[in-house]
Amino acid sequence: MVKVNGNYLKLKAGYLFPEIGRRVKAFSAANPEAALIRLGIGDVTEPLPLACREAMKTAIDAMGTAEGFHGYGPEQGYAWLREAIAQQDFQSRGCEINADEIFVSDGSKCDSSNILDILGEGNRVAVTDPVYPVYVDSNVMAGRTGDAGAEGRYAGLTYLPISADNNFAAEIPSEPVDLIYLCFPNNPTGAVATRAQLKAWVDYARSHNALILFDAAYEAFIQDPELPHSIFEIEGARECAIEFRSFSKNAGFTGTRCAFTVVPKGLKGTAANGELVELWGLWNRRQSTKFNGVSYIIQRGAEAVYSTAGQAEVKTLVSFYMENASIIRQELTSLGLQIYGGEHAPYVWIKTPNGMDSWGFFDHLLNKANVVGTPGSGFGAAGEGYFRLSAFNSRKNVNEAMARIKSL
Ligand code: MLT
């Protein structure tokens, strides 16, 4: 009989969003007349930018000609897209990142999990709590943790609690760790990191030879020009960080799929024999073996994000969702709820009222207002007592959801 990967059996429950999906499906089956408004998973709703669609159409037409046909592309992504990313996302902000350090992919979720392929087994891993569940679950699947305890925390992981008490800023670990997951603007709390806070992490990583996995999927939502968008804006980060970026949330590519990961050349880890090894080479090897790249058509669409028209459209999309976030913040604050996030991130993080637990509040909103959100406890034990609403929806739905919640 074939044996299964026993690490999967350690996973506590279904992945958070399918789990919510199951509950919502059951509710809808029992209440077919309920008009649900989904502010749960952070999935965009507004149409793809015209600049991206036009570029994709042109690419499709080119694929229909002998001269313009493209078969397998480079596993790392086409040079023209990597150049545009390096110049406009990094060099324009003073980051020393070159095109060959950009690896185009089909998503940050995949990359932030796949990166474990090139990292060793004995690493001590730190995550915030609450956290984007993919960082934890991918470590469980890869056998980098023990079993889950009663609170759902896995043995072997270092959890760094973030809550209103510490302003959602994790403390630098007191024990030495090798791998640190950071996400700013933060999913799920919507918190952001200042330059000084990121510098403290970079200093820690450099002095402990640790690696920071920096998820910047929501950087486009930062409103304050003083806040850093990339870990590479911090001096020394090239020696200790890998960054994940995505076109999903800024340009609406959740269904289209395009993202990228930045692995600086010269960033090193140690082999079992103590030898220093460049992570760039390992990731390049991993991608060329296990990945065949993002389609030519989609990469042309992503390239158009960097055109003048594309940049203007992305700005409009981001402003639209941030206006939704602002409406959610205002309306819920007027109800006397304690609200965090939603100022530089498309997520609003709410303290559940009257000591209600996170799933209790989920059921309450689902049953009484037919509004779907995400229970904070789904992001970790320290998320208990909190609830996340996503600003990704139409204005009509956001207004309607707020009106329903206010009438409860
Ligand atoms: C979320 O709702 O947290 C996001 O949709 C997760 C993701 O982008 O995978």
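I'll start with helix H8, residues 296–304, where Tyr 296, Ile 298, Gln 299, Gly 301, Ala 302 and Ala 304 are buried. Buried means under 20% relative accessible area, exposed means over 50%, and partly exposed is in between, with a 1.4 Å probe and protein chains only. Those buried residues of H8 pack against helix H2 (50–63), helix H3 (79–90), strand E2 and helix H9 (308–334). Contact here means heavy atoms within 4.5 Å. Helices (H or I, at least four residues) and strands (E, at least two) are DSSP runs, numbered from the N terminus.

Before going on, the ground rules. This is a predicted model, in which local features need pLDDT of at least 70 and side-chain atom pairs count only at pLDDT 80 or more, while totals for chains, interfaces and linings use all residues. Residues are numbered from 1 along each chain as its sequence is written, and side-chain values use heavy atoms, with hydrogens and water left out.

Now the whole chain. The protein chain has 11 helices and 15 strands. Its radius of gyration is 21 Å, close to the 22 Å that the globule rule gives for 408 residues, so the chain is as compact as a globular protein of that length. That radius is taken over C-alpha atoms, and the rule is 2.2 Å times the number of residues to the power 0.38. Of the 408 residues, 53% count as buried. Taking contacts between residues at least 6 apart in sequence, 73% join residues at least 24 apart.

The chain is divided into domain 1, which is 6–47 + 309–406, and domain 2, which is 53–307. These bounds come from an automatic or database domain assignment. The domain centres, taken over C-alpha atoms, are separated by 24 Å. At the contact between them, 35 residues of domain 1 meet 48 residues of domain 2.

Next, the sheet. It is an open sheet of 7 strands in the order E2-E8-E7-E6-E5-E3-E4, and the pairing is mixed. Strand E2 (102–105) and strand E4 (157–161) stand at the edges with a single partner strand each, so one side of each has no neighbour in the sheet. Neighbouring strands are turned by 20 degrees against each other on average, direction ignored. Two strands pair if DSSP finds at least two bridges between them.

Let me walk across it, from E2. E2 and E8 pair in the antiparallel sense over 4 bridges, and Val 104 has Phe 260 in E8 as its bridge partner. Ile 102 and Val 104 point one way from E2, Phe 103 and Ser 105 point the other way, and all are buried.

Which residues of E6 point one way, and which the other? Leu 211, Leu 213 and Asp 215 point one way, Ile 212 and Phe 214 the other, and all are buried. With 5 of its 5 residues buried, E6 is largely enclosed by the rest of the structure. Strand E5 (residues 179–183) runs parallel to E6, joined by 5 bridges, and Leu 182 is partnered with Phe 214 in E6.

The bridge partner of Ala 126 in E4 is Thr 158.

Last, helix H7 (residues 279–290) lies across E2, strand E6 (211–215), strand E7 (241–246) and strand E8 (259–262), running at about 25 degrees to E2. Axes are lines fitted to C-alpha atoms, for helices over the stretch in contact, and angles run from 0 to 180 degrees between N-to-C directions.
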